[in-house]
Amino acid sequence: MSRAERHRLSSLHDVELASLAASGDRQAFGELVRRHGSAVRALLRRMGMSAAEADDLAQDAFIAAFESIAEFRGEGAFGGWVKKIAARACMRRVQKDKQLRARLEAVDLQEAAEPADPGRRMDLDEALKGLGEAERLCVSLCYGAGLSHVEAAEALNLPLGTVKSHVKRGLDKLKARLAPEGEAMEGRRGNG
Amino acid sequence: MAEMEVERTIERLFARAPESADADLFAERVQRRLDRGWAARRVLIGAAGLVGGVIGASQLIMSNLFSRAEAASSESARVLTSGVRQLAPQAEWLLNGPAGIEAIWLVAGLAVVAMGLVLTRIIEEI
């Protein structure tokens, strides 16, 4: 791709790029991948995937997004749309792959045994490690991928009430771990 | 923090994903996969069109349809032949050749194959 073409594509809005991609322009879709690839990969890692698994799944999600790009009408953000595709693909893999599920559970036990230092400021990635597998998945699906509780319950194949309580517990844990950052943010806003 | 504020903060933190150093490389990998899939699809559609066209044409030729049609209506064949002669006197050598009317049918069959290929190409472009 020439520099001028790259520049032209980078100046277009996501909806325009999606419309070009829907007419078969793979370069335009490449620009969308460039813009949203990092966020999708980060979401999958936050859901408990290793870096390599997250990359594979993110690639699959973008390919699936390209196949069904005509369904994207630009009503929501492209990033949110593709994150939902990736999150659902991740859930399918978790449910299919028993070894992966066992590994995720093992990581959870390990992380849960590690006590959280209440005075220590954490970033989201670190704070998520303190959550159980189901809590992390539910919180990531609802707040990272933007799924509703009902959609998350369907993706996880869990009852709605269970998902709601996982989200509640996960939020409580995150609140405790992220509180210093939240307070700092509020303090900055107050001082500014 | 109030419940709603916690939720908004967590949403903001999720949205604040760091830009990967290899973002361009990742995009290229996805694009390469798309290109590979596209090329494979083109080959597949083309091959399917060719095979379908060849099978269709060979079925027409092998089914003795032409000779049966000829026998059923030698009169209409004569009219057709004279019509063709009027339309294209240059094709006389073909009609009078050893293959005669069969050659015309063969050419028509090949034309069908060609049309099949054109059609698959159009579908592919759409």
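Predicted model: local features only at pLDDT ≥ 70, side-chain atom pairs only at ≥ 80, totals over all residues.
**Confidence in chain A**

The mean pLDDT of chain A is 81, and 80% of its residues score at least 70. Within the chain, helix H4 of chain A has the highest confidence and helix H6 of chain A the lowest. Two stretches of chain A fall under 50: residues 103-115, and residues 184-192. The table lists the values for these parts of chain A.

| Part of chain A | Residues | pLDDT |
|---|---|---|
| Helix H4 | 51-67 | mean of 94 |
| Helix H6 | 98-113 | mean of 51 |
| Stretch | 103-115 | under 50 |
| Stretch | 184-192 | below 50 |

For residues 103-115 of chain A, the model has 10 contacts beyond four places in sequence.

**Chain B**

Chain B has 126 residues, of which 10% count as buried. It holds 6 helices and 0 strands, so its pattern along the sequence reads α-α-α-α-α-α. Taking the contacts in chain B between residues at least 6 apart in sequence, 68% join residues at least 24 apart.

**The contact between the chains**

Chain A gives 23 residues to the contact and chain B gives 21 residues. On the chain B side, the elements that supply two or more residues are helix H1 (3-15) and helix H2 (23-62) of chain B. H2(B) provides the largest share of that side, with 10 residues. Sorted by class, the side of chain B that touches chain A consists of 12 nonpolar, 6 charged and 3 polar residues.

**The largest nonpolar core**

The largest nonpolar core has 62 residues, and the members that touch the most others are A:Leu44, A:Ala86 and A:Ala87. Domain 1 (1-96) and domain 2 (108-192) of chain A each contribute at least three residues to this core. Leaving aside residues up to four places away in sequence, A:Leu44 touches A:Met49, A:Ala54, A:Leu57, A:Ala58, A:Ala86 and A:Cys90.

**Helix H9 of chain A**

Helix H9 of chain A spans residues 149-156, and its residues A:Ala152, A:Ala153 and A:Ala155 are buried. These three lie on the same side of H9(A), because the arc they cover around the axis is only 165°. Just after H9(A) comes A:Asn157, which takes a positive phi of about 60°.

Terms used. Residues numbered from 1 in each chain as written. Chains lettered and ligands numbered in written order. Contact = placed C-beta atoms within 7 Å. Helix = DSSP H or I, 4+ residues; strand = E, 2+ residues; numbered from the N terminus. Nonpolar A, V, L, I, M, F, W, Y, C, P; charged D, E, K, R; others polar. Core = buried A, V, L, I, M, F, W, Y, C linked by C-beta atoms within 7 Å. Buried ≥ 20, exposed ≤ 12 C-beta atoms within 10 Å, placed from the backbone. Domains from an automatic or database assignment. pLDDT = per-residue confidence, 0-100. Arc of directions from axis to C-beta.
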